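Keep the structure open while reading.

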Amino acid sequence: MKVIIIDDEPLARGMIKEYLQAYPDLTLVEECKDGFEGVKAIQAHQPDLIFLDIQMPKINGFEMLELIEQPPAVIFTTAFDEYAIKAFEAHAIDYLLKPFSKERFEKALEKWKNTGQINSMANTQKLAESMQTDTNPASHTRVVVKDANKIKIIPVSSIQYLESADDYVKIHTADGNYLKNKTMGYFEGILEAQNFVRIHRSYLVNVQLITRIDPYEKESHLAILSTGTRLPVSKSGFAKLKSILGI
Amino acid sequence: MPVSNTKLLRTRFPVVGFGIWWLFWSILHYKVLSNFGIVFTESASDSLISNILLAAFCLLIVNNMRYYLPGKERYWYVLLLSFILSVIWLAVSRGILWLIFKQDPVYTRILSLSSNIRFAFGFLMTGCVTMLSLIWYTQKEQKATTELKQEAENHLREAELFKLRQQLQPHFLFNSLNSISALAGSQPEKARHMIQQLSAFLRGTLKKEERQMIPLQEEIGFLELYLEIEKVRFGNRLQTDIQVTEEAATQLIPALILQPIVENAIKFGLYDTMDEVRIVIHASQTQSGLEVTVSNPFDPETSAGGQGTGFGLASVQRRLFLLYSRNGLLETSVTQNIFTTLLTIPS
């Protein structure tokens with residue numbers, strides 16, 4: 001079985017490595033010092049289990065998980081994070097509070113071995129989502145995406161609009177478009193407070209960029225952005241815009 | 001739900017009580033007059049007009065009390081107010097009733113004969129209502145004050161708890177303990193050294209008081225302790241460069257004011273960039289006082305304007321304001337990819 005450790009502190013990685021020596025069936029295939037390395041290593045090795053720190057440079061542990069299509073089983077390691085601990089408990093995923101004992105470590109591995117692979121995967125995905133939506137307001141200021149093999153951090157303020165594209169959401173910015181494996185409803189939830197309005201089933205727009213709203217066919221409108229982009233506005237979307245813009 | 005319900009009851013109770021009260025007196029009033037042989041229309045009108053007027057006067061008192069609660073001379077005020085109002089009430093009600101029923105000599109005679117009783121009734125009634133509303137509003141006011149006091153106390157307690165938690169820096173503490181735990185297995189000597197450093201640092205944070213002034217040198221020494229611990233945690237990624245001029249070293253500075261600024265710089269630098277992080281601390285004496293700059297690298301593209309990292313700085317700002325009653329002693333600036341915090345300690 002393959003294991004990866006992702007933590008920015010070398011001593012913290014060393015600790016886990018030391019504890020892992022007691023498990024000959026677990027092979028440590030790579031140690032990563034940040035989420036970027038983590039994504040690459042997970043793709044390269046397809047590990048069975050990862051130990052993941054939360055606070056790390058550039059992208060945190062949850063943001064990293066979001067970039068992986070089918071995340072492996074995760075045991076979180078963290079020092080102190082009230083929000084995170086609440087979320088872990090809610091999703092019954094195991095987490096190790098630093099510093100942790102060897103006994104506690106063994107228990108976590110026991111738990112992982114007893115949980116079905118599919119079960120733990122679903123839980124991890126749910127956890128990552130809930131971390132983004134309700135417990136971590138700071139993470140709403142940016143969206144982390146994978147563009148080809150590069151990881152890009154998009155500040156929310158630079159997003160022009162979002163468009164639904166099958167199972168993905170296409171994020172339109174001045175520098176180009178990015179795809180993210182999320183639903184429109186998810187983005188509507190986290191961007192609501194930041195001037196984004198769902199003007200159409202398939203469009204979520206940054207209200208500040210709207211320069212004009214023109215009537216279009218019966219009961220529908222067109223929103224014209226300062227970039228020149230024209231987006232359809234549904235009947236209910238128009239009602240929302242009216243109440244927000246106060247017209 | 002239950003809260004608003006009881007509130008509704010509490011405010012509605014005097015209104016309902018007031019109505020029942022007047023209904024009772026009106027019926028009694030009518031009964032007395034009809035017992036003297038006054039016809040129905042006359043006794044009913046007398047009762048209604050007198051009591052409605054008096055009720056209106058009493059409402060006036062209640063309303064008056066809502067905005068103005070008499071202080072120490074309250075008993076005189078109550079007596080005087082009731083006296084004046086009952087005189088006016090008697091004159092007005094008598095006038096109206098006389099105008100309506102002046103053709104009936106029996107009634108007008110009783111009307112003028114009963115003046116004394118009417119006045120006494122009016123005086124007692126207004127006095128009673130004034131007294132009651134006085135008690136009612138005084139109680140309400142007292143309750144509001146205690147509630148406000150309670151709230152203020154709760155806020156204070158929360159703030160103190162928050163400060164205590166801040167002082168303890170749980171994130172730093174637990175991560176350091178984790179490093180020590182890791183070292184204990186492989187390099188016990190280093191682990192012991194780090195325990196000593198961490199103890200010295202914690203002792204320092206506990207010992208120093210909010211208003212205490214210490215020489216910059218001492219503060220820097222304390223800072224170095226903190227930086228040493230962070231360097232064990234982050235290894236080669238964290239580099240520091242401290243430059244203090246000879247003149248500046250002896251200047252006084254509020255104890256522990258630099259640590260949160262440097263902590264902010266480290267967090268900002270370490271979690272916002274991927275490469276080596278160089279924290280530069282520079283202190284010199286200028287005309288405006290002692291100036292200390294702390295700078296760290298950051299990524300202007302992805303950083304959300306220092307969001308989430310600004311908390312430590314806000315508390316330093318508050319402390320400086322309390323000490324010097326001045327704003328602008330803590331300023332931040334950005335040049336390319338370097339974030340700089342400038343602290344000025346007025347001489």
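## A helix pair in chain B

α6(B) and α7(B) run roughly antiparallel to each other (a label for angles over 145 degrees). Their packing angle is about 155°, and the axes lie 7 Å apart. Axes here are lines fitted to C-alpha atoms, for helices over the stretch in contact, with angles from 0 to 180 degrees between N-to-C directions. The crossing is left-handed; that is, the near helix is turned anticlockwise from the far one by less than a right angle.

From α6(B), the contact uses B:S176, B:S179, B:I180, B:L183 and B:A184. From α7(B), the partners are B:P188, B:K190, B:A191, B:M194, B:I195 and B:L198. Two residues are in contact if their C-beta atoms, placed from the backbone, lie within 7 Å. By class, the residues of this helix contact are 8 nonpolar, 2 polar and 1 charged. Ala, Val, Leu, Ile, Met, Phe, Trp, Tyr, Cys and Pro count as nonpolar; Asp, Glu, Lys and Arg as charged; the others, Gly among them, as polar.

## Basis of the model

This is a predicted model: local features need pLDDT of at least 70, side-chain atom pairs count only at pLDDT 80 or more, and totals for chains, interfaces and linings use all residues. Residues are numbered from 1 along each chain as its sequence is written, while chains are lettered from A in the order in which they are written.

## Where the chains meet

Chain B puts 23 residues into the contact, and chain A puts in 20. On the side of chain B, α6 (170–186), α8 (216–234) and α10 (258–272) each give two or more residues. α6(B) gives the most, with 12 residues. The side of chain B that touches chain A has 10 nonpolar, 12 polar and 1 charged residues.

## Chain A and the cores

Chain A has 8 helices and 15 strands. These are DSSP runs: H or I of at least four residues for helices, E of at least two for strands, numbered from the N terminus. Of its 247 residues, 37% are buried (20 or more other C-beta atoms within 10 Å of their own).

The largest nonpolar core has 95 residues. Such a core is a set of buried Ala, Val, Leu, Ile, Met, Phe, Trp, Tyr and Cys residues joined through C-beta atoms within 7 Å. Its residues with the most contacts inside it include A:I50, A:L204 and B:I261. α8(B) supplies the largest share, 10 residues. Another core, of 10 residues, lies apart and includes B:W89 and B:V129.

Notes:
Parallel < 35°, antiparallel > 145°, perpendicular 65-115°, else oblique. Buried ≥ 20, exposed ≤ 12 C-beta atoms within 10 Å, placed from the backbone.
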